[in-house]
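Here are a few notes to read alongside the structure.

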Amino acid sequence: MTKAGGDRLPRRGAALPAAVLACLLVLTGCASLPESSAPQALGTINRAPTSEGPTPPIPGRDPDLLLSDFLTASADPANRHAAARQYIAADTAGSWNDEASITVVERPDTLRESRSGDRASYVIRARKVGELASDGAYRAVEGTLENKIEMSKIDGEWRITELPDGVVIDSSAFDKSYRRYVLQYVDASSSVLVPDPRWVSVPRAQLTERLIGMLGAGPQSTIAPVVRNQLAPPITVRGPITKANNEPGEVGIGIGGVRIDFGGVGALGQRERELLAAQVVMTLAGADILGPYVLLADGKPLDERYAGGWSVADLDQYSASAPGQNRIGLHALRDGTLVQVTPDGIVTPNGSFGDATNLQSVGISADGQFVAAVADTGRPAPEPGRTLLIGNYGAKAFAVAEGVSIARPSWTTDGGAAWTVVDGDRVIRAVTDRATGNVSVQDVDTAALFEGSGSPRPPISEIMVARTGARAALIADGKVYVAVIERRPDGKYALTSPLPLALGLSSRAVSLSWVTGDTIMVAREGNVDPVFTVSIDGSQFTPVTSQNLTPPVRVVTAAPATQYVADSRAVLQLQSADPARNDRYWREVPGLTGESVVPVLPS
């Protein structure tokens with residue numbers, strides 16, 4: 001756990017910005033597959049026990065210390081938390097339901113209520129930071145945990161005789177025992193891979209099998225309505241998963257690759273087989289399980305073109321974060337005008353966006369063909385002070401919506417629609433018909449977004465659609481959330497299943513942007529850690545260096561390979577002097593100085 005500037009935020013797995021980019025580089029290398037005869041869900045595959053088993057409690061341990069040891073042992077889930085059960089009296093251990101819940105807490109306090117003779121009573125009190133579901137899905141939470149623990153001396157040793165169901169894990173022990181991995185599923189409409197982060201505690205030798213079992217068990221419930229699983233029944237894994245040369249053992253450790261034989265694939269066409277390969281290969285590659293990935297269908301190559309094994313590069317077309325997605329480079333708003341940053345200097349494009357001097361924010365489609373911009377109308381209140389303009393890059397723009405306020409536009413990856421928020425609570429999609437050039441404005445259903453306690457509250461000041469198209473990140477009332485984008489049977493869209501991220505911030509978020517499909521970069525008010533990254537499950541919060549920044553930071557825009565901010569002086573790009581040491585700093589972009597200049601990367 002870390003505390004910076006009054007914040008108390010979870011920080012899992014050393015997820016530094018450099019590590020975020022390093023993970024993307026892994027996707028250009030090799031990966032491997034798991035070893036199991038049939039898909040199995042998280043929790044059904046136990047760790048292989050050592051000959052000695054888990055370390056037993058220390059003889060003669062004082063109850064205060066024994067309780068602390070119990071909390072540490074609770075981080076080991078092997079064999080239904082066998083390590084922790086050693087600290088519990090036999091009768092109580094048999095009835096303790098460790099599957100009821102898993103709560104991650106920060107620095108728990110064990111408070112003695114009473115102790116007399118052979119009995120003692122304690123209260124565990126701690127700040128909750130996260131909850132772990134049975135499928136490994138993590139959710140950041142807030143609140144206080146308070147559990148009462150009763151202990152007795154049994155045969156001369158203190159043991160727990162009464163405790164609530166569920167597991168409580170200290171965050172530091174959680175970090176040592178668990179690691180975050182990302183399963184990959186397929187967006188139902190775009191065939192782009194959608195990340196599904198999970199936390200797993202498993203020996204490296206069992207990781208390949210575990211990941212494939214989890215992949216087959218399906219996505220977590222929040223994204224299940226918007227993705228499909230190519231590894232779902234009737235697809236199965238036939239026989240053991242081996243190294244690429246069919247040797248058993250140590251699969252996924254070091255070199256040697258992976259070999260998996262799938263059953264039930266006969267009815268799949270080439271495209272569906274590629275998507276199956278993409279899910280498997282990208283999931284394993286992200287876990288540093290090296291290829292080549294030899295994928296079979298009933299003993300024969302899944303695809304004859306890759307009979308010798310698949311690589312990540314063979315499947316880049318299904319990754320929203322693959323190199324080459326940004327084809328037109330950095331742009332900026334300078335004095336209300338859209339400009340392009342080129343090796344030869346600043347260039348002003350033709351058309352309405354290059355001629356305008358009243359633009360407030362801009363979004364450019366990934367292919368560079370379309371631009372959405374928010375312009376100042378110059379009208380006095382109560383008339384609308386902002387207008388949304390849509391047009392081809394380098395051509396004429398047309399007004400399609402007005403409002404007192406309009407958020408920075410964000411394009412879908414295919415350039416089919418620009419999303420924004422009008423007047424803080426009306427989310428819209430400006431849909432472009434590429435054949436006719438016509439633009440229609442559609443309202444997005446936000447009823448599920450605002451339901452329930454802990455859900456976002458207006459005003460929404462920013463919304464950014466992920467490159468996968470399955471999620472949107474937003475800032476509502478200064479807080480950060482991620483929501484699922486659902487397409488309804490009638491063709492309309494809705495924002496559902498909002499999850500709060502970066503809980504406990506001491507200052508308000510002002511801007512955000514997707515770095516990868518599972519990581520968001522955020523700028524916030526103040527001069528302490530003004531820029532940070534956060535994972536989409538809220539489990540990993542990492543401040544980004546503030547070297548050379550002059551807060552306040554006004555805007556952030558990011559892509560997998562490059563990130564920019566606008567502070568009080570200029571636009572700056574994040575640099576790495578020595579990635580091995582995480583020696584990072586911000587450097588000004590030539591020609592983009594001034595307190596109103598804003599960086600723009602394609603969506």
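This is a predicted model: local features need pLDDT of at least 70, side-chain atom pairs count only at pLDDT 80 or more; totals for chains, interfaces and linings use all residues.

1. Helix α6, residues 204–217, packs with helix α7, residues 270–286, at an angle of about 135 degrees, and their axes are 10 Å apart. The crossing of the two helices is right-handed.

2. Which residues of α6 and α7 meet? On the α6 side they are Thr 208, Leu 211, Ile 212 and Leu 215, and on the α7 side Gln 279, Val 280, Thr 283 and Leu 284. Five of the residues in this contact are nonpolar and three are polar, with no charged ones.

3. Now take α6 by itself. Its 14 residues reach 20 Å from the first C-alpha to the last, close to the 20 Å expected at 1.5 Å a residue.

4. Is α6 mostly covered or mostly open? Mostly covered: ten of the 14 residues in α6 are buried. Among them are Gln 206 and Arg 210, along with Leu 207, Met 214 and the glycines Gly 213 and Gly 216. The α6 residues Thr 208, Leu 211, Ile 212 and Leu 215, which meet α7, are also on the buried list.

5. Helix α7 is one part of what covers those buried residues; the cover also includes the strands β9 (179–187), β10 (193–200), β12 (236–237) and β13 (258–263).

6. Finally, look just past the end of α6: Gly 218 takes a positive phi of about 105 degrees there.

Terms used: Residues are numbered from 1 along each chain as its sequence is written. Side-chain values use heavy atoms; hydrogens and water are left out. Axes are lines fitted to C-alpha atoms, for helices over the stretch in contact, and angles run from 0 to 180 degrees between N-to-C directions. Helices (H or I, at least four residues) and strands (E, at least two) are DSSP runs, numbered from the N terminus. A crossing is left-handed if the near helix is turned anticlockwise from the far one by less than a right angle, and right-handed if clockwise. Contact means heavy atoms within 4.5 Å. Ala, Val, Leu, Ile, Met, Phe, Trp, Tyr, Cys and Pro count as nonpolar, Asp, Glu, Lys and Arg as charged, and the others, Gly among them, as polar. The expected span of a helix is 1.5 Å times one less than its number of residues. Buried means under 20% relative accessible area, exposed over 50%, partly exposed in between (1.4 Å probe, protein chains only).
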